[in-house]
Amino acid sequence: GPGAGAVTMPRHVLLVSDNPASRAPWRLVVGTDGTGRVTLPPGNYTVESEEPLVFAGRMLEWRQTLDVAGGSDTNLILTLENAEVGEVPVVTGADGAVTKAFDPWDLLIRWQDSVVPLWTPTTMASGVVVGPGLIATNQRVVGVATAVEVQVTPETRVAAQVLASDAARGVAILRVAATAISTRAPIPVTCAGPPPLPPGAPVVALGARPGGQPSPTPGKVRGRIQTGVLVAFDYGVPSTGGPVLGPDGALVGLTSPPTADDEDAMLMTSDAICAVLDAAKHGMAARAEPAATPLPNETEARVTDAALAALAKKRTGSLSPIVASTSDFDVTVLTPVTTYAGLQGPMDFGNWANYVAGAPPVVFLRVTPKQAERFWTKVARGAAMTQGIALPAFKQYKPGFASMRVTCDGREIVPVHPLVIERPISPTSAVREGFYAFAPDSLGPECTSVTLDVRSEKTPDRADTLVLDARVREQIARDFAEYRAALSTK
């Protein structure tokens with residue numbers, strides 16, 4: 001379990017043996033949070049590492065003995081102080097070259113400042129700095145987006161433009177204001193590509209999530225395919241799109257989101273990155289550099305789940321109201337209280353479920369395409385009715401969400417995150433919903449009028465307009481007043 005001086009060692013394997021030995025050891029794999037649990041009968045046990053852990057240039061092993069009593073938990077905290085520390089062994093290759101054992105933490109320490117968390121409309125991802133103001137990531141996490149957000153620090157996000165997006169090579173190049181990432185050293189991109197790594201060669205992926213530190217995920221090369229290299233990682237990468245490094249620290253590719261065919265795919269190599277990066281640089285002169293001005297950010301602290309449950313219980317009225325409609329869309333307003341209630345009920349947040357699970361301190365405007373029945377389908381149902389046959393309505397979704405502009409008394413309100421929920425409705429199609437997050441006070445009663453201009457994928461040049469009811473904005477203010485009161489009692 002965690003504790004002072006504890007080492008975070010995700011997926012480290014421990015063997016638990018009873019004393020005296022009466023059976024084969026229990027095999028305990030530590031989780032990604034650095035903790036593990038095993039149920040044991042009362043007795044005396046030895047807990048030891050199955051294999052040494054290479055950590056920050058040292059070889060660590062644990063061997064601890066403890067008594068387990070019945071009817072209660074027994075905690076064992078593994079720290080640097082109670083580890084057996086040794087030197088990383090030296091390996092001599094057939095060519096006489098001398099190297100140390102592969103250490104993912106060495107590569108993390110060396111390149112962690114080059115990895116940045118990203119917000120795309122559909123996912124959280126990682127990117128890697130490859131030049132002044134230039135960031136490489138996986139094209140699949142960017143998709144059709146033309147703009148992405150880069151989380152420079154936990155408190156600061158800046159806008160990035162998509163300079164180049166190559167679906168065939170699986171690489172996208174983003175551009176931010178050079179001053180925004182001037183302290184982050186670029187990872188060199190070898191255009192000729194590093195020598196092919198043989199199957200079984202160790203690699204490490206670096207990934208980061210907003211608000212967290214980059215972390216390493218070790219893996220081994222499985223083989224090459226036409227589009228790149230396949231890698232089997234020891235456990236899940238925190239977020240995809242970040243760099244994959246070889247034993248010498250050279251960039252060998254970018255992590256890719258899992259596919260239906262292969263969950264451990266790393267599909268794009270450094271030569272592919274180089275080709276797309278070269279194309280992006282040629283187009284830079286024709287486009288203005290993005291602004292270095294920070295975007296709106298989540299500034300509120302978060303309350304506990306217990307506090308949210310109490311707020312939801314005392315709140316009067318519906319917890320997830322449809323507050324307005326245009327001809328093609330329904331709009332739902334969600335504060336942390338109603339978001340929490342939605343998580344307990346049937347509301348599906350699709351690709352943003354993990355983000356919403358933290359009940360972030362923002363106001364969500366969820367814009368959902370309505371369902372409609374085609375004209376000739378309706379005529380056919382009417383004809384069937386004349387024959388005494390009652391058929392159910394066959395509805396399909398209206399065109400998906402494209403974009404939304406929100407104004408307060410004519411002044412545009414910049415969202416904290418302009419997100420999109422992609423909800424599958426068949427094996428081959430999905431409906432797109434707007435899921436914009438706003439700062440708590442931006443939609444409050446201090447605005448005389450809040451107007452939403454919503455555009456669909458079918459008619460992006462024509463906006464459906466609605467005005468957010470004043471009573472809804474007053475309810476937002478009340479929800480956040482109680483939210484802040486719950487913070488003061490923590």
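Analyst: Of the 490 residues of the protein chain, 45% count as buried, where buried means under 20% relative accessible area, exposed over 50% and partly exposed in between, with a 1.4 Å probe and protein chains only. This is a predicted model: local features need pLDDT of at least 70, side-chain atom pairs count only at pLDDT 80 or more, and totals for chains, interfaces and linings use all residues. Residues are numbered from 1 along each chain as its sequence is written, and side-chain values use heavy atoms, with hydrogens and water left out.

The accessible surface of the protein chain is about 23,800 Å², computed by the Shrake-Rupley method with a 1.4 Å probe; for residues, only the protein chains shown count as cover. Carbon and sulfur atoms hold 54% of that surface. Among contacts (heavy atoms within 4.5 Å) with a separation of 6 or more, 63% link residues 24 or more positions apart.

The chain has 8 helices and 33 strands. These are DSSP runs, numbered from the N terminus: helices are H or I with at least four residues, strands E with at least two.

Now the sheet. It is open, with 4 strands in the order β29-β28-β32-β33 and antiparallel pairing. Two strands pair if DSSP finds at least two bridges between them. β29 (411–412) and β33 (463–467) stand at the edges, each with a single partner strand, so one side of each has no neighbour in the sheet. Strand β28 (residues 401–408) runs antiparallel to β29, and 2 bridges join them. In β29, Arg411 is the bridge partner of Cys408.
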